[in-house]
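Open the model in your viewer and show it as a cartoon.

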Amino acid sequence: MGQPPATRRQAVAKAMWIAVWMLYLAGPVAELFTGDASVAARVLGGTGLALFVVAYFTLVYRHMWRRVTLPPIYGVLGVLLVLSAVLSWFLGPSWLVLFIFTSVASGIVLPWQHARWTVPAATVVLLAVGMRFAEIRGYYLFAYGLPAMGSGFTMVGVQYLIRTTKELRAAREEVARLAANEERLRLARDLHDLLGHSLSLITLKSELAGRMLPDKPGAAASQVADIERVSRQALVDVREAVTGYRRPRLAVELAGARAALRTAGITAAVDAALEAGHHGLAADEEGALAWALRESVTNVVRHSGAGRCELLLTEEWEADERRYLCLTVLDDGAGPSRVQHDGNGLTGLRERLALADGRLETGPAPRGRGFALRAFVPFAPGGRQAGADTEPVASPAPLNGPA
């Protein structure tokens with residue numbers, strides 16, 4: 001929505017969506033071929049209707065592809081309004097439907113400040129012309145007047161939604177660009193702080209070793225050993241910096257999940273064990289659970305239609321006596337899809353958990369309504385329990401089927 005067609009297929013789809021509304025012209029077209037109108041009336045009706053359709057499509061399509069200035073827009077809208085009035089006046093009440101198209105066109109192509117006047121103006125002209133026909137005075141206000149007014153203002157709302165979508169898309173791109181720049185600067189600062197001292201020391205020791213080498217080979221060898229030690233430590237520091245830069249943290253993702261659910265109007269019920277932090281997990285396992293929390297909450301917000309979401313963290317023992325930490329996300333929404341395959345998000349999440357020696361289970365919520373996601377990761381050796389009062393429990397049966 002709010003984007004020009006990028007391919008021929010998209011252009012055809014948009015064109016068909018606009019053209020389908022031409023079915024409302026079936027009444028006037030039928031009168032041209034089946035009524036008892038004279039040849040002159042049929043020529044007038046056919047010519048006028050052809051001009052109306054061409055003007056309507058020209059106006060709407062030009063607006064869809066590129067911005068048009070207001071004077072040409074008002075000129076075409078004036079043509080549409082005149083054709084609507086003339087054809088309706090001379091050919092009969094069924095031609096009043098043309099006013100609805102005129103109102104819709106003004107709602108599409110004009111700014112709100114202008115459309116709020118042109119839509120009622122087209123409706124007033126419709127009512128004035130419709131008074132000429134005694135046979136429809138009892139109902140034409142509801143059959144033609146209100147649809148003209150309502151359709152016009154509906155398109156005003158649609159255009160406002162499109163403009164808002166464009167602004168949000170532009171804002172999202174700007175936020176992503178700024179975030180990328182900020183992270184790039186942060187990583188540059190981290191690498192500078194990590195490597196600046198080490199590289200300076202390596203340079204100095206290399207120069208010193210070069211000066212010592214002819215006369216003091218033992219001292220030079222000692223400096224070379226120091227260079228090796230400093231370079232190895234610098235390599236370790238860089239690896240840790242890059243790893244920490246890319247790995248999410250469970251506490252950070254929980255805060256983001258709360259904000260996302262709150263923004264979506266979904267009540268969040270968070271287990272105390274998950275809020276406690278310091279779960280005794282290794283970095284890889286915590287990163288996998290953090291990704292699971294992010295992906296599951298994103299799916300709840302985007303696809304579930306839920307009103308409540310529960311986030312649980314439990315310690316569970318498997319049949320092979322291995323101890324796992326299980327993140328469970330439950331919602332009361334629409335439940336799993338009938339299509340039995342994972343999307344890209346869940347597929348990637350399974351791969352991340354597999355790398356941490358964990359697994360993912362998805363399926364219907366235990367209450368029978370909603371969706372459940374359970375992500376398991378093993379405890380690191382010597383890890384502490386998820387919560388002070390958490391008791392080990394037997395692992396429940398796997399959830400049925402992917403969603």
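Accessible areas here come from the Shrake-Rupley method with a 1.4 Å probe. By that method the protein exposes about 23,200 Å². Carbon and sulfur atoms supply 62% of that area. Keep in mind that this is a predicted model.

**Whole protein.** Color by secondary structure. Of the 403 residues, 37% are buried. Now consider contacts between residues with a separation of 6 or more: 71% of them join residues 24 or more positions apart.

**First stop: α4 and α5.** Select residues 70-91 for α4 and residues 97-109 for α5. Their axes come within 9 Å and cross at roughly 170 degrees. Angles over 145 degrees count as roughly antiparallel, so α4 is roughly antiparallel to α5. The crossing is left-handed. Show side chains next. On α4, residues in the contact include Ile73, Leu77, Leu80 and Ser84. Among their partners on α5 are Leu98, Phe99 and Thr102. What kinds of residues make up this contact? There are 11 nonpolar, 4 polar and no charged.

**Second stop: α9 and α11.** Select residues 250-263 for α9 and residues 283-304 for α11. The axes lie 9 Å apart, at an angle of about 5 degrees. Angles under 35 degrees count as roughly parallel, and α9 and α11 are therefore roughly parallel to each other. Show side chains again. Leu250, Glu253 and Leu254 are among the α9 residues in the contact. On α11, look for residues including Glu286, Leu289 and Arg294. This contact has 11 nonpolar residues, no polar ones and 3 charged.

Methods: Residues numbered from 1 in each chain as written. Predicted model: local features only at pLDDT ≥ 70, side-chain atom pairs only at ≥ 80, totals over all residues. Heavy atoms only, no water. Axes fitted to C-alpha atoms, helices over the stretch in contact; angles between N-to-C directions. Helix = DSSP H or I, 4+ residues; strand = E, 2+ residues; numbered from the N terminus. Parallel < 35°, antiparallel > 145°, perpendicular 65-115°, else oblique. Contact = heavy atoms within 4.5 Å. Nonpolar A, V, L, I, M, F, W, Y, C, P; charged D, E, K, R; others polar. Buried < 20%, exposed > 50% of the residue type's maximum accessible area, 1.4 Å probe, protein only. Left-handed = near helix turned anticlockwise from the far one by under 90°.
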